[in-house]
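Subject: Structure handover

Hello,

Please find the structure below. My notes on it come after.

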Amino acid sequence: MAPIFKILPVLENKKLGTYRKVTLADKQMYKLAECGNFVMIGFLTLDPYLPRPFSFLEVNKNTFSILVKVKGKGTQRLSRVREGDNLKVLGPLGKKFCSPKEGVLIAGGIGIAPVYYQSKHMNGGILFYGGKSKKDLIFIKEFKENGFKVRTTNEEDGGLVTNLIKKHAEELNEKQIFVCGTIEMIKSVRNILNKEQIDNAYVYMEERMGCGLGGCKSCAVATTEGYKLICTEGPIFPLKEVSLD
Amino acid sequence: MIDLSTKFGSLKLKNPILLASGVWDVPYTKLIDFSKLGGVVCKGVSLNPKEGNPPPRITETPCGVINSIGLENKGLDNFINEILPGIKALGTQIFVNIFGESIEEFKKIASKIEGVAGFEVNISCPNVGKGGESFGRDPKMVFSITKAICDVTELPVIVKLTPSAVNIEETAQAAKEGGATAVTVSNTFPGLAIDIEKKEPLFKRITGGLSGPAIKPLALYNVYKVKNSVDIPIIGSGGIANYKDVLEFLIAGATAVQLGSIIFNNPLAPIEILDNLQCWFEDNSYKNLKDLYKK
């Protein structure tokens, strides 16, 4: 897979739940992007200096979009881009992952982005999905339309996605499981899966990234086989292999 | 036809643009044509594999980046057998950045690598426990390492200096006396980032190496200082982001330059810079690099 580097115009920036969905105009990504891939998005300036890695949220014939949650300087600025603004785009990056047609997806907060993109490569399954509040939870309708049984919870109402999984542990059996969320959430999910003796699970990992192309060796994740780079060897790893300490 | 070729020692580069060590890897060949570049410097190679530092390994600063990678690499044997053959096919001059924790290690590495344009001796990495910057701050050590390497190889030896030396002219002089063909001025500057949520340094090794446009004036000044006190070719490195920066380094005294973290900001920067440099020479009716020094 050869990535492309382009300057692309923003087509739309709209509020979605507690996030911003930023859509860029491009016809090439549709032909190149695969499940498990991500993009680096940067500005046309030297400050912010580094591009930021984003999972694809949606990739369509003439557009693709990412989900932005404001965390620092880069995401703050990205959350305020307007139609017609130009951004640097490098992608698709990361290792292609052959998604099963059915499976269990577990997402916390903005972890829904790659999970939603993966669901587009599936025919159905189960989604366990938790957020800080009800407003955090997006794409419920779309998941259901795509044949997913959707189980949601939110912290405002006292619920954690891990409790949801514990309650419905029987639904995890003999299926491939994919997790994306905070490290704390991933740890808890792993503990539950260990108790249930389920080891067919994968995790989307995230780390500060420099180049996205394996050049700078910044985005290391500790695994049972030593450090691996998220940009070239991930972002999806077998859950039992990664160190979460 | 504009000739941007440059020479130092027995080496001729088709232009003064090199890619620095530790910022690129083979996937970049899908985006830029390496054969257009003057050369590339490979990621630091150590005798034995180094797993690198625990994450986080990078953070952004205004117009810059601090890294704490820790020279992650798979060691000399893997480099010779698995990495070097592919890199040799890139169609440009290959310099191999070598890292030793002792003089003996440097000698072993330098004596085993063949068929490349030269070595860049890493005595300036700020992110390792042994060797690196601790060697590069001491002019006596710089001399001893340089001499030991030059004794075991016929290939040109470039010494990458640290800006943390008390007096960079002294370490440049030591490299020259040790037999270096050129010096790279310079590696990253030590810097600190704090995690305000954890209320502690962001990196496990406390400090990291600052690079990017933020350090350009500092690196440029070091080039100027070395140029005016030591008679040795200089490869300028530090925060170059566009062709004007390249011109500044060349005018300050560099024979060639290295591009580093700018390729994170814009992976096409090496080719864009080269194209713009050509245009600038054309606009000024300059035919070659020597014309740059006409007043």
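The notes cover the contact between the chains, then the cavities.

This is a predicted model, in which local features need pLDDT of at least 70, side-chain atom pairs count only at pLDDT 80 or more, and totals for chains, interfaces and linings use all residues. Residues are numbered from 1 along each chain as its sequence is written, chains are lettered from A and ligands numbered from 1 in the order in which they are written, and side-chain values use heavy atoms, without hydrogens and water.

Interface. Chain B puts 37 residues into the contact and chain A 30 residues, contact meaning heavy atoms within 4.5 Å. The two chains bury about 2800 Å² between them, 62% of it on carbon and sulfur atoms; this is the accessible area (1.4 Å probe) lost on being put together, summed over both parts. There are two salt bridges between chain B and chain A (a side-chain nitrogen of Lys or Arg within 4 Å of a carboxyl oxygen of Asp or Glu). One of them joins B:Asp25 to A:Lys217, with the closest N and O atoms 3.0 Å apart.

Cavities. A cavity is a set of points on a 1 Å grid over the protein atoms alone where a 1.4 Å probe fits but cannot get out, and lining residues have an atom within 4 Å of a point. Two cavities of 30 Å³ or more were found, a volume being the space filled by probe spheres set on the points, which are joined across faces, edges and corners.

Regards

Terms used. 1 Å grid on protein atoms, 1.4 Å probe; cavity = no way out; pocket = protein on both sides within 12 Å on 5 of 7 lines; lining within 4 Å.
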